[in-house]
Amino acid sequence: MAAQGFLLVASFLLVLFVLARPLGKMLAAMIVNTPLPGVARCENVLWRALGISGQEMSWGRYAVAIILLNLCGLLALFALLMLQGYLPFNPQQLPGLSWHLALNTAVSFVSNTNWQSYSGETTLSYLSQMAGLTVQNFLSAATGIAVLFALVRAFARHSTSTLGNAWVDLTRITLWLLLPISLLLALFFIQQGALQNVLPYQPFTSLEGGPSGAADGAGRFAGSD
């Protein structure tokens, strides 16, 4: 066990060492508002489609944009959790959460706390976990990094009235940083044989001899304890 633990720590440090320089360069380019190589044209199309001007914002506008995004995410997740019993991708026909549990969960995931007072596989539907919790796992992380970008710019520019564009920062962080890392991790889990589907739970007999069921799908990663 000691050898396995040492190997795990060594592997983790090796991955950090290998990725530190390229990820550092990527983050530095995002902070100074420089498009990454090969994605400038794609970003221009995306900005036009989303109605993003790219113009830098004052600290007040930046803060309002961040707050509005997370407030909308909070309300959307709160509604999704309460109404999951009427929505698709719920083969176990799990009922909606009570308003206080839905609010607690929504605030937790929007604030990137991810604290859970329930068992994900017996409480949340696949849709709630995929379109609710997983989306907030990305948006809440992107929000924290974007706020850090604004803070770094405020210190680095010494005297400035703008701190970047919140929508540009959030989009770049999500598309070019968080999603690629998540895709690589997903491929690793697939290679290891992890299951991911939206089928009904598979019944089995527990060690106590009673009937039980296990999720093969999103609950394994997004909403299980």
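## A first look at the cavity, the pocket and the helices

The largest cavity in this protein has a volume of about 40 Å³. The model is a predicted one, where local features need pLDDT of at least 70, side-chain atom pairs count only at pLDDT 80 or more, and totals for chains, interfaces and linings use all residues. Residues are numbered from 1 along each chain as its sequence is written, and side-chain values use heavy atoms, with hydrogens and water left out.

Let us stay with the cavity for a moment. On a 1 Å grid over the protein atoms alone, a cavity is a set of points where a 1.4 Å probe fits but cannot get out, and lining residues have an atom within 4 Å of a point. Grid points are joined across faces, edges and corners, and a volume is the space filled by probe spheres set on the points. The structure holds one cavity of 30 Å³ or more. Which residues line the largest cavity? They are Asn33, Gly54, Glu56, Arg153, Gly164, Asn165, Val168 and Asp169. By type, this lining has one nonpolar, four polar and three charged residues. Here Ala, Val, Leu, Ile, Met, Phe, Trp, Tyr, Cys and Pro count as nonpolar, Asp, Glu, Lys and Arg as charged, and the others, Gly among them, as polar.

Now for a pocket, which is an open set of points with protein on both sides within 12 Å along at least five of seven lines. The second largest pocket holds about 410 Å³ of space. It is lined by 13 residues, and Val15, Leu19, Ile181, Leu184 and Leu185 are the closest to its centre. Two elements, α1 (2-31) and α7, each give two or more residues to this lining. The most come from α7, with seven residues. The lining of the second largest pocket has 13 nonpolar residues, no polar and no charged.

Stepping back, the protein has seven helices and two strands, in the order α-α-α-α-α-α-α-β-β along the sequence. Helices (H or I, at least four residues) and strands (E, at least two) are DSSP runs, numbered from the N terminus. The C-alpha trace spans about 70 × 45 × 30 Å along its principal axes.

How do some of these helices cross? Axes are lines fitted to C-alpha atoms, for helices over the stretch in contact, and angles run from 0 to 180 degrees between N-to-C directions.

| Helix pair | Axis distance | Angle |
|---|---|---|
| α2 (residues 40-50) and α7 (residues 166-191) | within 12 Å | roughly 130° |
| α1 and α6 (residues 126-157) | 10 Å | about 70° |

The crossing of α2 and α7 is right-handed, and so is the crossing of α1 and α6; right-handed is when the near helix is turned clockwise from the far one by less than a right angle.

Finally, the unreviewed UniProt entry annotates residues 62-82, 131-152 and 173-190 as "transmembrane region". Such annotations may be inferred rather than shown by experiment, feature names are shortened, and positions are given in the numbering used here. In the model, residues 62-82 are 100% helix and 0% strand, with end C-alpha atoms 31 Å apart. Residues 173-190 are also 100% helix and 0% strand, and their end C-alpha atoms are 24 Å apart.
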